[in-house]
Amino acid sequence: MFSALRKSVAGSSQAICHRRMATMAPTLVQSKPTASQSKPMIHKIVDPIKPVYLTMSSFTGRSNSASKAVALDPTVFDHPIRRDILHLCVVHYLDSLRQGTASTKTRAEVAGSRRKIRPQKGSGRARLGDRQSPMLRGGGVAFGPKPRDFSTKLNRKVIQMGMRVALTMKLREQRLGVLQRINWWSHKTATLSSRLAGLGWRTGTLFVTGESEVPPRMRLASRNLRGIECKTVTDLVVYDIVKWRRVVLDLAAINALERALGKGFSGISDSERVVSDVTHSSGEEVETST
């Protein structure tokens, strides 16, 4: 009796399983996407990045360049502000300037006899060793400084990002200027000083040129002016941009910076670098207050 009951229960369970598989199979087949129902490929079209425009300044006087604007690569001059990256770059540069030549003598390096000053016991005074003890005048220095290298390591891409952030901050603060070429017609300091005073660039101005060296007349005329410095773009570091109140670049320096720091998205050609219509300019002229 019990065996017949077990056979009947087993047969009913197998029938239920066959029924479930039969009902589920069509749904599984229907859930598979066919070739006609496959989704088409979506190709995203990336719009070209629009350049940032900055009004060109005139160094030699009123000319047509005062109504022109310069197109700048937004990947270099419109970077998100990262003050932590600026801090890393500045600390890295200042660490590299430390000489690390401070040196003191330990008790082993001080010249003199190693004789014990007085017996250990019997004098009633404090126990002393030799004359080189750090407790005595003329003795060695305990835990004194020794020559060391203070320079720290910072990745190249972090330094490049710091340069982009520094240039962007100067542009947004309206303290970034652009000239056709950084040059002066005379080597006399008085002539350059009067012109810079008229522009409001007499103090706290850094001129950066993209040429191999600073033009000789500009170098001679500016080297005796306090608050004015000229250097090439190869010598430019993040600390210089952060330190100086105002930074003035020439077109050669802009091209060099965009080649080194740009990501190649904008693709500004030389013919598109300078535009005549200042209504397209999104940046103001460099600050002229002293």
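Ile 159 touches Cys 89, His 92, Leu 154 and Val 238, when residues up to four places away in sequence are not counted and contact is taken as heavy atoms within 4.5 Å. The model is a predicted one, in which local features need pLDDT of at least 70 and side-chain atom pairs count only at pLDDT 80 or more, while totals for chains, interfaces and linings use all residues. Residues are numbered from 1 along each chain as its sequence is written, and side-chain values use heavy atoms, with hydrogens and water left out.

Ile 159 is found in helix H4 (residues 156-172), where helices (H or I, at least four residues) and strands (E, at least two) are DSSP runs numbered from the N terminus. With a relative accessibility of 31%, Ile 159 counts as partly exposed, a class that falls between buried (under 20% relative accessible area) and exposed (over 50%), computed with a 1.4 Å probe on protein chains only. Between Ile 159 and Tyr 93 there are 66 residues in sequence, and their C-alpha atoms are 10.0 Å apart in space.

A search of the whole structure finds five aromatic pairs, for which rings of Phe, Tyr and Trp (its six-membered ring) must have their centres within 6.5 Å, with planes under 30 degrees apart counted as stacked, over 60 as edge-to-face and the rest as tilted. Phe 59 and Phe 207 form a tilted pair, at 5.8 Å centre to centre and with 50 degrees between the planes. This pair links distant parts of the chain, since Phe 59 lies in the loop between E1 and E2 and Phe 207 in strand E4 (residues 205-209), 148 residues apart. Both Phe 59 and Phe 207 are buried. The rings of Tyr 93 and Tyr 239 have centres 5.4 Å apart and planes at 25 degrees, so this pair is stacked. Because Tyr 93 lies in helix H3 (residues 83-97) and Tyr 239 in helix H7 (residues 238-243), the pair ties together parts that are 146 residues apart in sequence. Tyr 93 is partly exposed at 25% relative accessibility, and Tyr 239 is partly exposed with a relative accessible area of 24%. Ring pairs also link Phe 59, Trp 184, Trp 185, Trp 201 and Phe 207 into a cluster.

Three strands form an open sheet in the order E1-E2-E7, with antiparallel pairing, where two strands pair if DSSP finds at least two bridges between them. Strand E1 (52-55) and strand E7 (274-275) are the edge strands, each pairing on one side only.
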